[in-house]
Amino acid sequence: MQESANAIPDSKLTVTCPSCGNTATVPCAFAGHSVRCKRCKCSFEIKPAPIVTETPVVACDSIMPAERSSSAPLRYSCDPTIFAAGRGHPEFPCLSRLYSPGGRVPCIDFSEWLGDRVIAGDADAIVDFKWRVVEANPGVGVGTDTFRRHWQESAKSVLRYPLERHLRSHAPEAFVELRVALLTVLIHESFGGFIMASDAPRYVATIMLPHELEVLDIESLIKRANVFIRMMRKDTPFWEDFPLFKADALLPWNIPRVATVLEFCQTLRKLPHGSRCHFMDAVSRADTRAASGAQALEQATSYATRKRGLDAEESANRIVNSGLSVRSNDPKGLLRRWTVKELHELLTAEELEFKKSWSKDRLISVAIEQCPSVVTESMRDKYISCLCPTFEPAVQWAHAEIEATIPFFQVWLGFAFEQDN
């Protein structure tokens, strides 16, 4: 059997059963000994962890595109652990403390740091970051050295890909942001047909919302996408309802020349990627956790946003400071996010009378009327906020625009990169 992943420093090895493919974590001291798989009972020998050696990276000048000439100033150290500022996992400083390292969830939003590295043409730092966020779970089936080379190549493919092949933009920063979004997507997904059914196209569409892009020559990509869908429909029920793509539906998209929409897009461009998705989570009508009215903004995020890196409190602060959301003194926004059980516990602790059959709204009214100081204390240090009324029309446009651009990114993420393979 060949070891499937890197050794966790000074403690554990991740191994794969050669019979059933089951993975497990064992102490490094087990290397060289035989173990039995808990799933299929097959016995096999654990091989020592391979020594990780650095794989040479292609020189930056040979892979970085025209965005390197962007006039945006560099703001951060090339070391991603310095940017993480100690907020990460004790063994994996770029990964979240809240999730298993195997989940590849960055501890914070690295999009601004990655933007700096793209502008600087610093492929070495980008590859180092990519490995740091996947090293606890690089995959199964081959050794660490092979996986490291795989992740290096995936990062370099994004850095050297000619975005102008299918897109046109008059703003270099738009391509910087798109390249950063692609690097972030690759933490969890791989380019290819299956990515069309993932949340990656929506993520990229949300990130690119404030930028004007023109679509160029994608007929060949659409043909490949439709061939893939027809093939999948033969054996997989999920794909039976997946629509085929039409070229005339993937038209150029433009930002309306409306003052509030232009201001909205300008404000979004100042936010890092995670905060853009965080804001759209909070205002999305499809997100049942983001009810209309005031809400605890740091709680109004989806896992699809958090898995790409987010400090929710920091992000909430940036969204409120941007003016997209405004603070609210209405405690109902916070209490609506509590469960009925939590409301029962609050009223019981305050020795207030209530019936378990009461509706949630009635329980909230009792709490606000009879223990206002406790409710106020619960709101402390939380960003109870609601959408700034000025931007309500712009947000309606944003919802429609994201839905309109998702099909393009489904096709493009799925099949554009195949042209270089």
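Trainee: In which strand does Ala-24 lie?

Mentor: Ala-24 belongs to strand β2, residues 23-27. Strands (E, at least two residues) and helices (H or I, at least four) are DSSP runs, numbered from the N terminus. The model is predicted: local features need pLDDT of at least 70 and side-chain atom pairs count only at pLDDT 80 or more, whereas totals for chains, interfaces and linings use all residues. Residues are numbered from 1 along each chain as its sequence is written, and side-chain values use heavy atoms, with hydrogens and water left out.

Trainee: Why is Ala-24 called partly exposed?

Mentor: A residue is buried under 20% relative accessible area, exposed over 50% and partly exposed in between (1.4 Å probe, protein chains only). Ala-24 has a relative accessible area of 35%, so the residue counts as partly exposed. The C-alpha atom of Ala-24 is 8.6 Å from that of Cys-37, a residue 13 places away along the chain.

Trainee: What makes Ser-315 buried?

Mentor: The relative accessible area of Ser-315 is 3%, and therefore Ser-315 is buried. Ser-315 lies in helix α11, residues 312-322.

Trainee: Where does α16 have a kink?

Mentor: The kink, of about 30°, lies at Ile-406, shortly before the proline Pro-407. The bend at a residue is the angle between axes fitted to the seven residues ending there and the seven starting there.

Trainee: Why is the pair of Tyr-76 and Phe-83 called edge-to-face?

Mentor: Rings of Phe, Tyr and Trp (its six-membered ring) pair if their centres lie within 6.5 Å; planes under 30 degrees apart are stacked, over 60 edge-to-face, and the rest tilted. By this rule there are 23 aromatic pairs. For Tyr-76 and Phe-83 the centres are 4.9 Å apart and the planes 75° apart, and the pair is edge-to-face. Tyr-76 has 27% relative accessibility, so it is partly exposed, whereas Phe-83 is buried because its value is 16%.

Trainee: What makes Phe-238 and Trp-239 an edge-to-face pair?

Mentor: Their centres are 5.4 Å apart, with 90° between the planes, and the pair is edge-to-face. Phe-238, at 48%, is therefore partly exposed, while Trp-239, at 3%, is buried. Both residues belong to one aromatic cluster, whose members include Phe-194 and Phe-415.

Trainee: What makes a space a cavity, and how many of 30 Å³ or more are there?

Mentor: On a 1 Å grid over the protein atoms alone, a cavity is a set of points where a 1.4 Å probe fits but cannot get out; lining residues have an atom within 4 Å of a point. The count comes to two cavities of 30 Å³ or more. The largest holds about 90 Å³, and Asp-109, Phe-110, Ser-111, Thr-184 and Arg-308 are the closest to its centre of the 14 residues that line it.

Trainee: Which helix supplies the largest share of the lining of the second largest cavity?

Mentor: Helix α16 does, with three residues. This second largest cavity, of about 40 Å³, has Glu-401, Thr-405 and Phe-409 among its lining residues.

Technical notes: On a 1 Å grid over the protein atoms alone, a cavity is a set of points where a 1.4 Å probe fits but cannot get out, and a pocket is an open set with protein on both sides within 12 Å along at least five of seven lines; lining residues have an atom within 4 Å of a point. Grid points are joined across faces, edges and corners, and a volume is the space filled by probe spheres set on the points.
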